[in-house]
Amino acid sequence: MSDILHIENIRKTFPGVIALDDVSFSVARGEIHTLLGENGAGKSTLMNVLTGLYHPDRGQIRIAGEKIHFTSPRDSLACGIGMVHQHFMLVPAHSVFENILLALDNVPNFYSRKTYKEKIQQLIDEFDLDLDLSTPVWKLSIGAQQWIELIKLLMRDCQLLILDEPTAVLTPQEADRLFDVLRRLKKQGKSIIFISHKMREVMEISDRVTILKKGCSLDTLARGDFDESKLASLMIGKDKIPQWQKTLQMSDEIVLDIQGLSVRNDRGLSDLDKFNLQLKKGEILGVAGVAGNGQKALAEVLTGLKNTSHGRILAREKDITNSNARYSYIAGIAHIPEDRKTIGIAPDMSVDENLIMKSFKSGSFRNWIFQNKKAIRRNAEEKIEQFAIKTGPDGTPVRYLSGGNIQKVIIARELSEHPAVLVALYPTRGLDIGSAGYVHKVIADGADRGMSTILIAEDLDELLKLSDRIAVMFRGKLIGYVNPRKTTREEIGLMMSGETPGDTA
Amino acid sequence: MLEILLDATVRAGTPILFATLGAIINERAGIINLGIEGLMLIGALAGFAGTYLSGSLLVGVLLAFAASFLAGSIHALITVQLRGNQIVSGLALTMFGIGITALFGKGMVGLTIVGFKRIAIPGLSQLPIVGKAFFNQDLLIYFSFLLVFLIWFFFYRTRWGLGVRSVGENPAAADTCGFSVSTYRFFAVTIGSGLVGIGGAYLSLASTPMWIENMSAGRGWIAVALVIFAGWSSPRAMLGAYLFGGITAMQLRFQAMGTTVSAHILQMLPYFFTILVLVISTLRLKKGASQQPEGLGLPYDREDRK
Amino acid sequence: MKLVIERREISSPLLRFSAPIASIGVALFVAGFLLLASGVSPLVAYKEIIIEALGSLYGLSETLVKTTPLIFAGLGVSLAFRMQIWNIGAEGQIYVGAMGATWVALFSGLQNHWVMLVAMFFAAFFCAGLWAGVAGFLRARWQVNEVIVTLLMNYIAILWVDYLIYGPWKDPKGFNFPLTAQFSDTARFAEYFNTRMHSGFFLALFCALVLYLFIERTVWGYEIKVIGSNQKAAQYAGMNTGMAIFFVLFLSGAIAGIAGFSEVAGLQHRLQHGISPGYGYTAIIIAWLAKRSAIGVVIVSFLLGVLLVGGDSLQLLWQLPVAFVYAFQGLILFFLLASDFFIIYRVKLVKGVAHA
């Protein structure tokens, strides 16, 4: 078995962060090789090194035995390495055809549209994919966009395909379809690096598994040498997930009642379609669904960032439909946004200033039209201690903080007014285990005090562990509720792909 | 009457058309260029000087292209290679262009040349109403017709054009596909700037065959606004440029007819209409898929993506 | 060997401080070649600039006269910069401000000196503020590009003032020159030291102080900073960003408009063509050079005031066009932008091994 890829002692640092410390492993021809690791273990950085986007500080990469130094993605592609990124590298405004053509080598400047359309269509037919070449990409589902990425690489005849968490955006059924295709590719002699942290998939598809932890490659295990629990213990190591005892205080009082909510996005498509949801006092309501099925719109409508065309939202019986963000906040809804850095903080401002972003007008932080700098400082000192936020020297802009600490700043701010409802959108995405555990604890503690939480997450484990009930959404509709203690992954998976539930829940 | 007005429309619209086409090429690659006004002046002076010194209009036009190409490369270097602020760099280019043409053009003021002559295209120029306006014009105007088509063909039928568009929409995607973002952007800015220069040269070689300080008089800014009206498409740029040519032609016509309305008020019309058109086209832009390149105005730093 | 560009972990304060100065230095050097090309020795010219602008009490007073409108306009533009809003229309706002002040001075019939000045101030403030507010409204309501709108409105403002001074406001006793009548003493600032220096300068310094307090100490200043840092975050925090955009462009234009008031009340004593020879454009450089600080605006305005006074003398001595100063300002900006790159990034030579 000859190795197509062999890497040794790769190290890559960014200002203030060691993303990769020491990584070595190899991939054989015709192998599906999984890289397993927690968020933040360095998987994505490693892949960006392999595809020539980043220059490693140290270490070497060999392709088919030859030592290689990539200076750009072009070099890596020339060596037959192709990657399906987690965030697709597509041009939404261009057609499927133009997107694929862009990725092809040796296309003459004055190319024949007919020839290339035929060639691409052939490949689409070979794998029975459902793609129309002239559709603009923004009109396609996420699953279909992923096929484009794959076709791009196949058209270039890449020998090593890297897939970065390809199933995160797919329904379980779509994922199965993907695995079929991957197995067929393996039979054709292609090698695949599969990145995931979902144990079930890893067990199903991998020939070998390499475990990454804190920027180091721990071990490579062949099929037969690993099982789920062994991989899990290697991946998570001795870091214990903080446990807590949840006292079930859920009452029947409904604090938030969403009735027939419909929202259209900028492109005129439905984000939410007659969506209903009821949240009880002290409840943690998990919302499951494949990303892009309306979760973001739901959070935005609830927090007043987006308006709805139909339907009503009642918070503690007060109508807050189409109120602005400030109003929702006063009505008692706090929000942990999906994208911390782009909407959660003012990156150039200090921790002190970020902590009062929602309450700067309140009497405690101002005297007449002037800000009360002393009170603002005192508030920051309290919050920094209470939430164990690691900051730089006073006045350091928040953007220099780590992801986990930025999230703590946001949480500290959102919880400071003791909200009745918390809408948390992917609150642990991209956080290390310690920070994620902390976020879980804050949510659970809040529930003990009577705060209700809508927890929108992509990790089923997280939802199953925390939620009192799980609502499943698909294409902007509520498919149904399940009881996390009685349900199965398969059931939720089916609901995530739009099938209405049986008689559980 | 209508024939004369239409003819004046095309002649007044042509410099704006060249400038708009040049600006479209810049913005398609994701670079905002607010230096259009300065580039037009540089083109106008270089074109005039080239023609005056060599006696050849072709030399003038080529020199206008080359000078603006060079000036545009300053903007390209700063915004593409050095990732500087595109708005400030463009404004600097406009200031630089106004200043340097005033300085070097001092000796050219008052000189005259023989400008572009009309060449009637047999047959077509006999067409009623449109014949004279579109087919009894000078070579630069015929070139502008060709250019509108060539730019469309370049963008939608060639791989380079696809590269330019992709670099402007999603530079990271183009980069992963092996397109050099900086090379594509650099040449889109410089070649686009060169075309803007030809627009300037039209002013000093055809509209009024002489050099006048600051002779572009805001046309560059109108072109910047027209890019949005045109939805970044070259055929629509033609429509937009002639719309403004039309307003200018009518304004001149009014003045010639000796209306009681102040000349100063009439001169405001093109600027006023540009703002109006900008508002309307921005409103239209918001509906449906945006035509604006998604990467417009954003510097691309490969290591910055995550 | 290969050039590699990487982001600096921390940009050194020394580098950040020295870069703008170095950019001006390099711009002076390059502009020297432009001067040489037009037959003027750069060393002689630069010496002349310094002597003219700083070498005598009169020169210094002339520099302060030019610094005054630059401070107002610079403050206006930099306030908008704080919120990532581009006000390129300071030039037009100066004209509209001057028009407002002139209207009060000529037609209000006020007799009290202070009442008159205060009325002129507010007329300039609100006329220019509303003028810029048009762009603010269009931007806030429909996301219309404020760069293009504010810029095109410059042309309209200047033509409008031309219309007034060639038409309805023309001084009947002015021998048909395009000027308004002279203001009475009620509508004039005090002048100092037998020079043209006037109270406008002190008003400008006061404005800088007020603006500094406004941005750094008030609740509104805080809101502007949050919106400037991240507009989405501001919306998410419940701030009315549309209202803030309108308000900031209004205020930005209003402050630039005070320059127009100060010019007609302190210097020209009438409305005429060319009351601003491009102060509004120079203000953009000032705002960019001063980064975010109101004090920075004052310092940079003074430096550019020196350049303008010097530029005037170059024009008198060697018949260089006034617009030459623009070329120089463009060069400063180019080098400043280039220097920003070296503050943020480090360029390294590394040994690269190509494909084996």
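Q: Leaving aside its neighbours within four places in sequence, which residues is B:Gly197 in contact with?

A: In this predicted model, and with neighbours within four places in sequence set aside, B:Gly197 is in contact with B:Leu39, B:Ile42, B:Gly43, B:Ala46, B:Ala64, B:Phe65, B:Ala67 and B:Ser68. The glycine itself is placed in helix α9 (residues 181-207) of chain B.

Q: Is B:Gly197 buried or exposed?

A: The reasoning rests on a count of neighbours, and 20 or more C-beta atoms within 10 Å make a residue buried. B:Gly197 has 34 C-beta neighbours inside 10 Å and therefore counts as buried.

Q: How is the packing of two helices to be read, and at what angle do the axes of α4(C) and α6(C) cross?

A: Two packed helices are described by the angle between their axes and by the distance between those axes. For helix α4 (residues 90-107) of chain C and α6(C), the axes come within 7 Å and cross at roughly 30°. That angle makes α4(C) roughly parallel to α6(C), since angles under 35 degrees count as roughly parallel. The crossing in which α4(C) passes α6(C) is left-handed. On the side of α4(C), the contact is made by C:Glu91, C:Gly92, C:Tyr95, C:Val96 and C:Met99. The residues from α6(C) are C:Met153, C:Asn154, C:Ile156, C:Ala157, C:Ile158, C:Val161 and C:Leu164. Sorted by class, the contact of α4(C) with α6(C) has nine nonpolar, two polar and one charged residues.

Q: At what angle do α3(C) and α4(C) pack?

A: Helix α3 (residues 57-82) of chain C packs with α4(C) at an angle of about 120°, and their axes are 10 Å apart. The two helices, α3(C) and α4(C), are therefore oblique to each other. Here α3(C) passes α4(C) in a right-handed crossing. The contact is formed by C:Pro69, C:Ala73, C:Gly76 and C:Val77 of α3(C), together with C:Ala90, C:Gln93 and C:Ile94 of α4(C). Its residues divide into five nonpolar, two polar and no charged.

Q: How many residues of α11(C) are buried?

A: In α11(C), 11 of its 11 residues are buried, and the helix is mostly covered. Among them are C:Tyr279, C:Tyr281, C:Ile284, C:Trp288 and C:Leu289. After α11(C) comes C:Lys291, whose phi is positive, near 50°.

Q: How many residues does each chain bring to the contact of chain C with chain B?

A: The size of an interface is often given as the accessible area lost when the parts come together. Here the description is by residues: 42 from chain C and 41 from chain B. On the side of chain C that touches chain B, the elements giving two or more residues are α5 (113-142), α6 (146-166), α11 (279-289) and α13 (324-344) of chain C. Of these, α13(C) gives the most, with 14 residues. This side of chain C divides into 33 nonpolar, six polar and three charged residues.

Q: Which strands pair with β9(A), and in which sense?

A: Strand β3 (residues 32-36) of chain A pairs with β9(A) in the parallel sense over four bridges. In that pairing, A:His33 stands opposite A:Arg208 of β9(A). Strand β10 (residues 216-222) of chain A runs antiparallel to β9(A) and is joined to it by six bridges. The bridge partner of A:Leu212 in β10(A) is A:Ser217. The hairpin of β9(A) and β10(A) has two residues between the strands, and in this hairpin A:Lys214 takes a positive phi near 45°. Strand β9 (residues 208-213) of chain A is mostly covered, with five of its six residues buried.

Q: What is the order of the strands in the open sheet of four strands in chain A?

A: The order is β12-β11-β14-β15, with antiparallel pairing. The edge strands, each pairing on one side only, are β12 (270-280) and β15 (318-319) of chain A. Strand β11 (residues 254-264) of chain A is joined by five bridges to the antiparallel strand β14 (residues 310-315) of chain A. There, A:Asp257 stands opposite A:Leu314 in β14(A). Helix α9 (residues 295-302) of chain A lies across β11, β12 and β14 of chain A, and runs at about 60° to β12(A).

Key: Residues numbered from 1 in each chain as written. Chains lettered and ligands numbered in written order. Predicted model: local features only at pLDDT ≥ 70, side-chain atom pairs only at ≥ 80, totals over all residues. Contact = placed C-beta atoms within 7 Å. Nonpolar A, V, L, I, M, F, W, Y, C, P; charged D, E, K, R; others polar. Buried ≥ 20, exposed ≤ 12 C-beta atoms within 10 Å, placed from the backbone. Pairing = 2+ DSSP bridges. Axes fitted to C-alpha atoms, helices over the stretch in contact; angles between N-to-C directions. Parallel < 35°, antiparallel > 145°, perpendicular 65-115°, else oblique. Left-handed = near helix turned anticlockwise from the far one by under 90°.
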